[in-house]
Amino acid sequence: MIGGPLRFVAQSAKEGSFWLPPRASSFAENTDHLFYFIYYLCLFFFVLIVAAMVIFMVKYKKKKDGEKTADIHGHTGLEIAWSAGPAVLLVLIFAWGVKDWMSLAVTPDHDYLDVRVAGRSWAWTFSYPTDGIESTELVVPVGRKVKLTMVSRDVLHSFFVPDFRIKRDVLPNRYTVQWFDTLEEGEHHIFCTEYCGQKHSAMVSKVIVKSEADFEKWKVEAGTGNLTPAQLGAKLFQTKACATCHSIDGQTVLVGPSLGKKYGIREHVLVDNVEQEISVDDNYIRESILDPMKKIVKGFAPAMPSFQGQLSDKEIEALIEYIREIK
Ligand code: CUA
């Protein structure tokens, strides 16, 4: 009886089931088996307990006035069974979970692809230290083990790829590590699964699994070596998540003011709550990137984190160049 549904589960889960998304990493299978073990265990005890409850309700119901309550004594054997049985099952689940957790937590010391992950409100940035690439999507070659070293630039985030069955918190000032491998080419969702503010639900990205050859091609395209400053600025505007808070069309108001048609105009800002009129020039943009609390554009909340220490001079200049061009 158990063989039937379990076989069904093993087949269907690979393509995804009612409970779980498709499996796309090698340890997803173990995770799913543990999940379904607990699921069917719960189902078994739910039916057993509810059935016993209903039977006893009927059996021991007072049937006429004056009838005495049944005089029931303890049953030592039964009591030991229902204490020891669940204890054994819980230890089994614990041991199974720890075994799987260890294989997730400890990166195998084989050849793996090193990727740095930065979470910030509200976007993910993936950098490839050996190739000098920064990307808003996690691109990996199929079959290769990938080690993620993750950190947050501001508040707590959590990195979650349901198809891989991996989830790990991303913390400020501390690195957390997570690894995975992939089974075939394709795309998978990345979610932030720790509430991190206004646009937490928009903090999504994708894992793109490519063949080795396509991955090599992508690395060449994604490199920043021969970009003009404005092109580099446009890229940084995405990878550094500027775009989650600033539109570039000059109209749409996200969290901060739109940066389209901004360069060179006069702007009303608050400096220590005193209104001033300033001109949007290179110095103002640089200052706003490094010390955003200094001059707050009138009508906006002081919400922007500082990018001090996160951008090189070259990158700041590239961003200024880009903002100058979006008219
Ligand atoms: Cu980042 Cu939720």
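Let me begin with a definition: a residue counts as exposed when its relative accessible area is over 50%, and as buried when that area is under 20%. Please also keep in mind that this is a predicted model.

With that cut-off in hand, consider D272. Its relative accessible area is 69%, so D272 is exposed. D272 sits in the loop that links β11 to β12, the latter covering residues 274-279. The backbone at D272 deserves a remark, for phi is positive there, at about 50 degrees, although the residue is not a glycine.

Where in the chain does K261 lie? Its place is the loop between α5, residues 229-239, and β11, residues 266-271. With a relative accessibility of 51%, K261 counts as exposed because the cut-off is over 50%.

Let me now step back to the protein chain as a whole. Its secondary structure consists of seven helices and 13 strands. Is the chain compact or spread out, judged against the globule rule? The radius of gyration is 28 Å, whereas the rule gives 20 Å for 327 residues; the chain is therefore more spread out than a compact globule. Along the principal axes, the C-alpha atoms fill a box of roughly 90 × 55 × 30 Å. Of the 327 residues, 39% count as buried. As for contacts with a separation of 6 or more, 61% of them are between residues 24 or more positions apart.

I turn next to helix α7, which takes part in both of the helix contacts I wish to show. The axes of α5 and α7 come within 7 Å of each other and cross at roughly 95 degrees. That angle makes α5 roughly perpendicular to α7. On the α5 side, the contact is made by P229, A230, L232, G233, A234, L236 and F237. On the α7 side, the residues are K314, E315, A318, L319, E321, Y322 and E325. By class, the contact of α5 with α7 comprises nine nonpolar residues, one polar and four charged.

Helix α6, residues 282-290, packs against α7, residues 313-325, at an angle of about 125 degrees, and the axes are 10 Å apart. That angle makes α6 oblique to α7. The crossing of these two helices is right-handed. Here D282, I285, R286, I289 and L290 of α6 meet D313, I316, L319, I320, I323 and R324 of α7. In the contact of α6 with α7 there are seven nonpolar residues, four charged and no polar ones.

Two further places remain. S205 belongs to strand β10, residues 205-210. Is S205 buried or exposed? S205 has a relative accessible area of 10% and is thus buried. Leaving aside residues up to four places away in sequence, S205 touches W124, F126, T136, E137, H188, H189 and I190. One of these, T136, is 69 residues from S205 in sequence, while their C-alpha atoms are 7.1 Å apart in space.

Finally, a cis peptide bond joins S121 and W122, with omega at about 5 degrees. W122 is found in the loop between β1, residues 112-120, and β2, residues 123-128.

Thank you for your attention.

Note on methods:
Residues numbered from 1 in each chain as written. Predicted model: local features only at pLDDT ≥ 70, side-chain atom pairs only at ≥ 80, totals over all residues. Heavy atoms only, no water. Axes fitted to C-alpha atoms, helices over the stretch in contact; angles between N-to-C directions. Helix = DSSP H or I, 4+ residues; strand = E, 2+ residues; numbered from the N terminus. Parallel < 35°, antiparallel > 145°, perpendicular 65-115°, else oblique. Left-handed = near helix turned anticlockwise from the far one by under 90°. Contact = heavy atoms within 4.5 Å. Nonpolar A, V, L, I, M, F, W, Y, C, P; charged D, E, K, R; others polar. Rg over C-alpha atoms; globule rule 2.2 N^0.38 Å. Buried < 20%, exposed > 50% of the residue type's maximum accessible area, 1.4 Å probe, protein only.
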